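Biologist: Can you take me through this one? I'd like to start with the overall layout and then get to the details.

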Amino acid sequence: MIPFNDLRPLVTKYRAEIDAAVARVLDRGWFILGPEVDAFEAEFAAFHGSGQHAIAVANGTDAIELALRGAGIGPGDEVITTPMTAVPTVCAIERAGAIPVFADIDPLTCNISPAAIRASLTPRTRAVVPVHLYGRPADMPAILAIARPAGLLVLEDCAQAHGATLGGRVVGTFGDIAAFSFYPTKNLGAFGDGGAILTSDAAMADRIRRLRNYGQAKQYQHLERGINSRLDDIQTAILRVLLAHLPDHTAERRRIAGAYRSHLGNCCLPEPAADIGHVYHLFVLRHPQRDAMRKWMADHGVGSSVHYPLPVHLQPAYADLSYGHGSLPAAEAAAREVLSLPLSVGLSAADVETVCAAVASFPGGGSR
Ligand SMILES: *Cc1c(COP(=O)(O)O)cnc(C)c1O
């Protein structure tokens, strides 16, 4: 069976480097907000160009919440986001005290539709949270053209898009602030939970640094109420190893995606335009008989997954937000049809061929 995702080849490949990094932390005996965290924050900021500040936090959900809180978004504020995202995007908006408002997606890319953002504006709108879904950058120029005149905060959810680019510029640097997850399966993943916030605003970065550490400015001096959302030295030591290899991993993901695309043609989401640096967190097909195709693939030894089978507005937990069936039709149609193929560092060429053969042989038409 080819699993949908397998982290063991990655661990095996870097085992010696990672063992050395972890040993360095153990020998130092400093485990929280120590030198590895400082070094990782500096390296992760520099990866995004000069003038950026990075703040490592406990996970991606906290990164979104703290970014919103750091920017002063809170109770009564409406925050526009996409229903086609991981639920944590929405958890975090509510944890900040704000009200999530869903704007439908562009059916071609599955990213949030700028026109739908415009249609969702109210006098209470304070922020927009575009998600670079599957590793494909959202349409940031169009989103900024709406957000800037309206005075809205733009928070990029980069949890699936470490290093993706648009016109040569890396995502996370288009808006005011950005949030990343280092959940193990993300393009840059720790061996546990982790996350980070990126911003070029030094004052906002300082505030978020306090908020993640009980609001503490200096030891036992608390300027405002914060939370505990720190990242530790063992995880950041591991992240430093993997950040150095991220460009290679992105190249490998693109090679696998290219092979899928050349075999599976127009089943795939459309190829990104030349100025888009898609990082393929996921390789996604669309098919009207998605569930049957998924079963066919499993019967032929190929794992797969669905991102996401239900858009957030239709999840039972969010029923009280009162978006019914049919309220966001493009997201609902995509949720019925999308299918994610195996894609991880170390997936062999033979495995890629097996996946393609399984999809192409689907009786319902594997390359319609
Ligand atoms: C993974 C993910 C998150 C949340 O990250 P955690 O580290 O699991 O809290 C948020 N948004 C998106 C789009 C994600 O894929």
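Predicted model: local features only at pLDDT ≥ 70, side-chain atom pairs only at ≥ 80, totals over all residues.

Biologist: Fine. Which domains does the assignment give?

Modeller: Domain 1 covers 8–102 + 111–239, and domain 2 covers 246–360. Taken over C-alpha atoms, their centres are 24 Å apart.

Biologist: How many residues of each are in contact?

Modeller: On the domain 1 side there are 34, and they touch 33 residues of domain 2.

Biologist: And what area is buried between domain 1 and domain 2?

Modeller: About 2800 Å², with carbon and sulfur atoms giving 64% of that area. Of the area that domain 1 buries against domain 2, 28% comes from Tyr134, Arg136 and Asn187, more than from any other three residues.

Biologist: Why quote an area at all?

Modeller: Accessible area lost when the parts come together is often used to give the size of an interface.

Biologist: OK. How many salt bridges across the interface of domain 1 and domain 2?

Modeller: Zero by the rule. Polar contact is another matter: 14 residue pairs are found across that interface.

Biologist: Which elements of domain 1 give two or more residues to the side that touches domain 2?

Modeller: Helix 1 (8–28), helix 4 (87–95), strand 3 (99–102) and strand 6 (165–166). By class, the residues on that side of domain 1 are 20 nonpolar, ten polar and four charged.

Biologist: Switching to the ligand. Which residues come nearest?

Modeller: There are 15 residues around the ligand, and Gly60, Thr61, Asp157, Ser181 and Lys186 come nearest.

Biologist: What lies 2.6 Å from an oxygen atom of the ligand?

Modeller: An N or O atom in the side chain of lysine 186. Glycine 60 uses a backbone N or O atom, 2.8 Å from a ligand oxygen. For glutamine 160, a polar side-chain atom is 2.9 Å from an oxygen of the ligand.

Biologist: Back to salt bridges. What does the count come to?

Modeller: The rule gives 18. One of them joins aspartate 19 and arginine 15, whose closest N and O atoms are 3.2 Å apart.

Biologist: How many residues apart are those two in helix 1?

Modeller: Four, so about one helical turn separates aspartate 19 and arginine 15.

Terms used
Residues numbered from 1 in each chain as written. Heavy atoms only, no water. Domains from an automatic or database assignment. Contact = heavy atoms within 4.5 Å. Buried area = accessible area lost by both parts, 1.4 Å probe. Salt bridge = Lys/Arg side-chain N within 4 Å of Asp/Glu carboxyl O. Polar contact = N/O pair within 3.5 Å; in protein donor to acceptor, adjacent residues only side chain to side chain. Nonpolar A, V, L, I, M, F, W, Y, C, P; charged D, E, K, R; others polar. Near = heavy atom within 4 Å.
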